[in-house]
Amino acid sequence: MANTTNFPSIAKCDSRGRQAHTLVADMDGTLLIGRSSFPYFALMAFELGGLFRLLALLLASPFVGLLYYFVSESAGIQIMIFVTFCGAKISSIHSVARAVLPKFYSTDLHPDTWRVFSACGKRCVLTANPTVMVEPFLKEFLGVDLVLGTEIVATESGRATGLVGRKGVLVGTKKADALKVQFGDVPPEIGLGDRLTDVPFMSLCKEAYMVPPTPAVEPVASDKLPKPVIFHDGRFVHKPSPFLALLTILWFPIGFLLACLRIAAGSLLPMPLVYYAFLVLGVRVTVKGNPPPSPNSSGQNSGVLFVCSHRTLLDPIFLSTALRRPIAAVTYSVSRLSEFISPIKTVRLTRDRATDAATIKKLLKEGDLAICPEGTTCREAYLLRFSALFAELTDEVVPVAMVNKMSMFHGTTARGWKGMDPFYFFMNPRPAYEVTFLEKLPVELSRSSGKSSHEVANYIQRRIAAALSYECTGFTRKDKYRALAGNDGIVEENKKTSVKVNKIMGC
């Protein structure tokens with residue numbers, strides 16, 4: 001068995017020939033670079049209970065720290081679990097753990113640990129964190145075979161009590177006990193930990209290595225992971241440390257008032273003035289490329305169809321801001337509130353292909369039109385599959401590459417109420433949009449020259465992806481909502497009915 005008092009550093013562990021070996025690792029400070037789990041509990045608290053639950057967790061954090069470092073590691077973690085989960089639906093906890101946390105966990109993987117971890121054939125993670133909180137990321141994105149964590153108690157109605165199971169918080173000797181129960185008399189080949197309380201389980205392994213807290217290391221690059229995190233949800237852009245959580249709470253009321261002012265300016269002012277109003281109010285709009293002239297000035301019988309990459313529901317509004325004139329947009333999945341405050345004309349489609357095609361043709365006869373053929377937003381550097389309906393309706397197509405920048409809040413959601421999306425975007429201190437107009441679809445690559453609608457759609461997707469240095473994918477709206485919300489994209493339209501949110505292009 002391994003020496004319990006002087007474990008070598010993880011840097012000395014040889015990762016070669018480990019395919020048949022079993023590895024057991026702690027999570028915080030070992031598999032992850034960060035030694036504190038507060039940021040992940042803060043993410044859970046905000047997504048489950050909003051600003052007030054986050055505030056409660058922040059107020060409890062000094063007491064948690066005192067307990068954790070000077071009294072009992074287990075007691076400190078129990079307080080965090082209680083404040084974060086008490087009263088929350090277990091289904092909501094599962095949803096947040098699946099949709100929100102993987103993005104943040106994946107950007108904090110320790111490179112030395114991952115070198116050994118990824119080389120082993122069977123992987124087990126022992127953690128004091130609630131199993132329900134970490135298991136989706138560990139199993140789905142890292143290929144972990146077994147997760148042994150703290151279990152939380154739920155009521156018969158499916159709500160968390162905030163209490164932990166009878167086995168308590170999995171720290172110290174309880175990790176060793178869990179390891180014995182799971183592996184019996186056959187010890188794992190490798191044990192990895194980062195602190196004194198990991199020694200009991202590490203001493204049960206044939207080899208054991210410590211992950212030192214210093215020096216600082218760069219996390220594993222996303223392209224080195226078995227599965228990239230393409231879809232993720234949640235409002236926070238950055239992982240909230242206690243200081244950042246405090247700043248967010250203090251900024252929230254100021255940011256909301258600022259968002260209301262920005263939205264009012266965009267809704268009430270004439271579109272030629274919106275660009276300058278946004279500039280004064282701290283919203284930066286960068287325009288690149290050569291936008292086409294309006295239909296009236298160009299003498300065209302039909303308007304131009306602006307085919308945009310989809311970052312937020314504000315894409316058509318910032319397209320209009322860049323052009324200094326309102327551009328109508330077709331959509332399904334805009335909330336009534338967003339529709340009400342929109343400064344541009346939005347037309348709801350019927351989900352019937354023939355009817356929607358007729359509607360789009362009619363709108364193009366009236367003027368220019370904006371459309372997002374991905375059907376849903378994607379936050380990462382990927383483009384989802386483009387629906388081909390737009391290519392069947394006109395050859396007057398201008399691709400538009402949209403990029404936005406946010407420092408505090410995401411302006412999209414798959415799980416929450418979409419009516420708050422524009423408010424969250426404009427609550428960022430200095431949000432920005434970059435609108436790049438690409439060359440108009442060449443005649444030789446259009447439908448009138450014999451190209452199929454799918455060929456045209458794929459060409460437009462590749463053009464926009466190349467301009468943004470993004471990667472084209474075949475993923476669709478269904479893939480996103482299945483990953484983030486566990487459904488095909490159902491949103492509540494009123495209290496009695498719920499409708500399926502189809503792609504913007506209706507395919």
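Q: What secondary structure does the protein chain of this predicted model hold?
A: Happy to start there: the chain has 18 helices and 18 strands.

Q: What makes the radius of gyration of the protein chain agree with a compact globule?
A: For 507 residues, a compact globule would come out near 23 Å, and the protein chain has 26 Å, which agrees. Along the principal axes, its C-alpha atoms fill a box of roughly 85 × 50 × 45 Å. Buried residues make up 55% of the chain.

Q: Why are the buried residues of helix H8 said to lie on the same side?
A: Let's take the residues one step at a time. Lys175, Ala176, Ala178, Leu179 and Phe183 are the buried residues of H8 (residues 173-183). Around the axis they cover an arc of only 160°, so they sit on the same side of H8. Thr173 and Val181, on the other side of H8, are exposed.

Q: What covers the buried residues of H8?
A: The cover includes strands S1 (22-25), S2 (122-130) and S3 (146-150), along with helix H9 (199-202). Just after H8 comes Gly184, with a positive phi of about 60°.

Q: Where in the protein chain is confidence lowest, and where is it highest?
A: Strand S18 (residues 498-500) is lowest, at a mean of 33, while strand S15 (residues 432-437) is highest, at 98. Over residues 490-507 the pLDDT is below 50, and this stretch has 53 contacts in the model beyond near neighbours in sequence. Where pLDDT is low, the predicted coordinates should not be read in detail. For the protein chain, the mean pLDDT is 91, and 93% of its residues reach 70 or more.

How values were computed. Residues are numbered from 1 along each chain as its sequence is written. This is a predicted model: local features need pLDDT of at least 70, side-chain atom pairs count only at pLDDT 80 or more; totals for chains, interfaces and linings use all residues. Side-chain values use heavy atoms; hydrogens and water are left out. pLDDT is the predictor's confidence in each residue, from 0 to 100. Helices (H or I, at least four residues) and strands (E, at least two) are DSSP runs, numbered from the N terminus. Contact means heavy atoms within 4.5 Å. Buried means under 20% relative accessible area, exposed over 50%, partly exposed in between (1.4 Å probe, protein chains only). The arc is that of the directions from the helix axis to the C-beta atoms. The radius of gyration is taken over C-alpha atoms; the globule rule is 2.2 Å times the number of residues to the power 0.38.
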